[in-house]
Structures are given as C-alpha cells and as structure tokens.
Amino acid sequence: MWSVRNSGAAEADLSAVFQQMGVKPEHHVRFGEEALVAPKDNNVIVQKISSDCLAVHLGFLQVGHRYNIRVHLPHDMWPGGQLMGLPPEDDCNSRFFNPNCRLLSISQYEDGGWNLIVEYFAHKEKLMKEDLILLASDENHNINFKLTFHARVLGRGKGTPLLRNGIHSVGVELEDEGETSDWQGFE
C-alpha cells in the first residue's frame with residue numbers, strides 16, 4: 001500500500017532537480033499559440049479523384065440509421081456541362097442501382113456548383129463505401145460521373161456519433177434478432 005508521508009520533502013527534491021537542469025517546474029498545463037487555432041469545420045468533405053470521380057467523406061455514422069446528406073459540389077470540382085441526375089432506366093439500370101445510396105434531389109447554384117441531397121443507409125459496421133452514378137452531359141456526349149461515399153459506421157452500443165454539417169438522421173431500421181435471440185417463445 002502506498003502512503004505519502006513526506007510529500008513536501010519529495011516535492012523539494014524534485015524542485016532541486018529541475019533547478020539543476022535549469023528548468024523551472026510548472027504546476028499548470030500551458031498550451032502554445034498553436035493550440036489556439038480555430039477548430040476545424042465539421043462539413044462533409046468532397047475530394048476530386050479524377051475528372052469523372054469524386055470521393056465524399058461523411059465521417060462517423062451509426063449502423064441501422066438512414067440519413068439525408070446534403071452535398072455541395074463546387075464548380076471547380078465539376079468537369080462542366082449539365083448534371084442531369086441518374087442514368088436512364090433503359091441503360092442497364094441494374095448496373096447503377098444502389099439500395100443503400102440514392103439521389104433524392106439535385107439543383108444548381110448561381111455560381112455553377114451543384115447541390116445534391118442523397119439518402120444513405122448505414123447497413124453494416126466498420127468502413128462503408130457506396131457508389132452513386134450520375135449522368136452528366138458535356139458539349140459532345142453524355143458521361144457517367146461517379147460519387148463514392150466513404151463512412152466509418154459505429155455498431156450498436158458503440159456510442160452516438162457527432163454528425164457532420166449537412167447530414168441528418170431520418171430514421172432507424174432495427175434488424176431482427178433472428179436466431180441470436182434469447183427469447184424462448186410462448187409456452
């Protein structure tokens with residue numbers, strides 16, 4: 001068992017060691033000016049991967065939750081031309097359909113950027129990556145434009161994440177416990 005009998009003597013010895021080293025002991029935590037930097041923003045991050053592909057980083061989400069996500073695509077990340085939405089259904093729509101990530105609405109800002117509202121379902125824990133294919137037209141032809149959404153999904157009981165700006169939880173889908181349930185049923 002530890003006991004502190006002569007804490008004053010120990011403190012004096014420690015103070016003497018600091019003085020020999022030429023260091024004045026401080027009893028308070030002090031932060032330099034770099035700690036006074038403004039906190040980083042909490043916005044959805046959009047990163048250009050190639051001329052026809054963007055990565056959208058969502059941060060932390062919670063498993064089993066459905067989210068509406070507002071994504072702003074600045075005009076400098078857009079290859080130009082008109083963003084028309086989803087590819088037509090007759091163009092092998094099964095290839096573009098993603099049940100966990102779907103476009104709800106699209107509009108253009110005056111500065112040429114685009115505002116997308118996407119519904120995103122966090123259906124599994126750990127890292128999730130979902131693609132959304134949009135159709136865009138340039139001067140000569142139509143092109144497929146890919147948005148890849150990245151999220152780290154927390155499991156049940158792992159806490160509630162702080163959602164980034166533009167992300168709103170719109171519902172929870174509880175999964176059936178199935179065979180893992182302890183319930184014995186009615187007798």
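Predicted model: local features only at pLDDT ≥ 70, side-chain atom pairs only at ≥ 80, totals over all residues.

Me: How many helices and strands does the protein have?
Reply: The secondary structure consists of two helices and nine strands.

Me: Which strands make up the open sheet, and in what order?
Reply: The open sheet has four strands in the order β5-β6-β3-β9, and their pairing is antiparallel. Its edge strands are β5 (101-108) and β9 (167-172), each of which pairs on one side only. On average, neighbouring strands of this sheet are turned by 20° against each other, direction ignored.

Me: And how many bridges join β3 and β6?
Reply: Strand β3 (residues 65-73) and strand β6 (residues 114-121) pair in the antiparallel sense over eight bridges. Arg70 stands opposite Ile117 in β6.

Me: Changing topic: what is the phi of Lys126?
Reply: Lys126 has a positive phi of about 75°, although this residue is not a glycine. Most residues other than glycine have a negative phi.

Me: Where is Lys126 placed, and is this residue buried or exposed?
Reply: Lys126 lies in strand β7 (residues 126-137). Lys126 counts as exposed because its relative accessibility is 58%, and the cut-off for exposed is over 50%.

Me: What about the protein as a whole: what share of residues is buried?
Reply: Of the 187 residues, 30% count as buried. The accessible surface comes to about 13,600 Å², with 52% of that belonging to carbon and sulfur atoms.

Key
Residues numbered from 1 in each chain as written. Heavy atoms only, no water. Buried < 20%, exposed > 50% of the residue type's maximum accessible area, 1.4 Å probe, protein only. Pairing = 2+ DSSP bridges. Axes fitted to C-alpha atoms, helices over the stretch in contact; angles between N-to-C directions. Areas by Shrake-Rupley, 256 points an atom, 1.4 Å probe, with all protein chains shown as cover.
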